[in-house]
Amino acid sequence: MQRRIGYEIREIQQMIHQKMEQFRHEDGYGLTLVQTRTICFLIANQDHDVFQRDLEKELRIRRSTASEILNVLERDDYLCRIPASHDARLKKLVLTEKALMVDHQMNENIDRMEALLSRSISPEDQEHFFSVLDQIKKNLE
């Protein structure tokens, strides 16, 4: 049977998701992978205003999906939405202290996953892998 790129990528994505879920249950902080990615993105961009549309672009998700993620994070007190000073219709995404407290554990889990993924893969092979991924992304744009 011929191996297919799309199938292999999907299989790896599912395996990564399952392993991250395992890490999440071990830690007990209860954030999903997409919630973790959202908080990490907001932490990395604390130096400027971030709005829902920025999150949609970064995570490549639809408006409705972003809205659901943000609603849950707001409900669970990980972030709040504050009207922008220049346009009250826009809501700036601001992390709470609770979100900042789990940052260390989230980064630890990401580092664990990266170490697991790259174990026994040479730097040259990793570079080639990222080059191929960039080509695939370009093909899909």
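A: Here is a walk through the helix pair and its loops. Keep in mind that this is a predicted model, where local features need pLDDT of at least 70, side-chain atom pairs count only at pLDDT 80 or more, and totals for chains, interfaces and linings use all residues. Residues are numbered from 1 along each chain as its sequence is written, and side-chain values use heavy atoms, with hydrogens and water left out.

Start with arginine 60, which sits in the loop between α3 (52-59) and α4 (63-75); helices (H or I, at least four residues) and strands (E, at least two) are DSSP runs, numbered from the N terminus. Arginine 60 has a phi near 55 degrees, positive although the residue isn't glycine. Most residues other than glycine have a negative phi. Its relative accessible area is 66%, so arginine 60 is exposed (buried is under 20%, exposed over 50%, partly exposed in between, with a 1.4 Å probe and protein chains only).

Now the helices themselves. The axes of α3 and α4 come within 9 Å and cross at roughly 110 degrees; axes are lines fitted to C-alpha atoms, for helices over the stretch in contact, and angles run from 0 to 180 degrees between N-to-C directions. The contact (heavy atoms within 4.5 Å) involves Gln52, Leu55 and Glu56 from α3, and Arg63, Ala66, Ser67 and Leu70 from α4.

With 44% relative accessibility, aspartate 77 counts as partly exposed.
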